[in-house]
Amino acid sequence: TSKFEQKITGVSEDVIRLEQKTKFSSGASSSGPVENRQADRSTWTFPDPRISDGKYVFLSFPLEVGKSWKNEYKLNRSGQGVTAFSSPVKVQGWEEVQVPAGSFKALKIVHSGNYSANNFGWSWIGSSSETVWYAPALKIVIKSELVDPQARTRTLTELVEYEIK
């Protein structure tokens, strides 16, 4: 188990300055590199240069209950292989969500689909589901949960604190 602390330290045009720190369950911590990432603000997507043959759209604005779209793309893993993803996405509805930073009215958006991987000469298929809760009042995702049964992983991300400047 580890805890990630991300801090947006600057925004100009479509460039977001993001600092990341990892806090391990052992108590140790490490600071990640400061990243300057181009962001597509209309979709809240950081284009990944490893993506080919398609596009990944995290959020598609304007968000409204019932809206759906599909992510289909291939992710090249620098000489290790390729993973192909197919993921329908749907805005399912409004929920009151409690996170460490407080309670917020949020839209629940579910990405769920399948992938096929060919890495290091091994091939396998799997499915994964990511549920995110977007709070329009803060203009941010306040909670997300990614589950991959084949990899036996569950990643939970929650907003701990925020400051609007």
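This is a predicted model: local features need pLDDT of at least 70, side-chain atom pairs count only at pLDDT 80 or more; totals for chains, interfaces and linings use all residues.

In which strand is Thr83 found? I looked it up: Thr83 is in strand S7, residues 81–99. (Strands here are DSSP runs of E, at least two residues; helices are runs of H or I, at least four residues; both are numbered from the N terminus.)

Residues are numbered from 1 along each chain as its sequence is written, and side-chain values use heavy atoms, with hydrogens and water left out.

Entry: whole chain. I find 0 helices and 11 strands in the protein chain. Of its 165 residues, 28% count as buried. (Buried is under 20% relative accessible area, exposed is over 50%, and partly exposed is in between, with a 1.4 Å probe and protein chains only.)

Entry: the sheet. I traced 7 strands in an open sheet, ordered S5-S6-S7-S8-S9-S10-S11, with antiparallel pairing. Its edge strands are S5 (51–55) and S11 (153–158), each pairing on one side only. On average, neighbouring strands of this sheet are turned by 20° against each other, direction ignored. (Axes are lines fitted to C-alpha atoms, for helices over the stretch in contact, and angles run from 0 to 180 degrees between N-to-C directions.)

Entry: S6 and S7. S6 (residues 68–76) is joined to S7 by 9 bridges, and the two run antiparallel. (Two strands pair if DSSP finds at least two bridges between them.) Lys70 stands opposite Pro88 in S7.

Entry: back to Thr83. Is Thr83 buried or exposed? Thr83 is buried, because its relative accessible area is 3%. Leaving out residues up to four places away in sequence, I listed what Thr83 touches, including Tyr73, Leu75, Tyr115 and Asn119. (Contact means heavy atoms within 4.5 Å.)

Entry: Val91. This residue also has its place in strand S7. Val91 counts as buried because its relative accessibility is 1%. With residues up to four places away left out again, the residues Val91 touches include Leu63, Val65, Trp69, Leu107 and Ile109. Val91 and Val110 are 19 residues apart in sequence and 6.5 Å apart in space, C-alpha to C-alpha.

Entry: Trp122. I found Trp122 in strand S9 (residues 122–135). Trp122 is exposed, because its relative accessible area is 63%.
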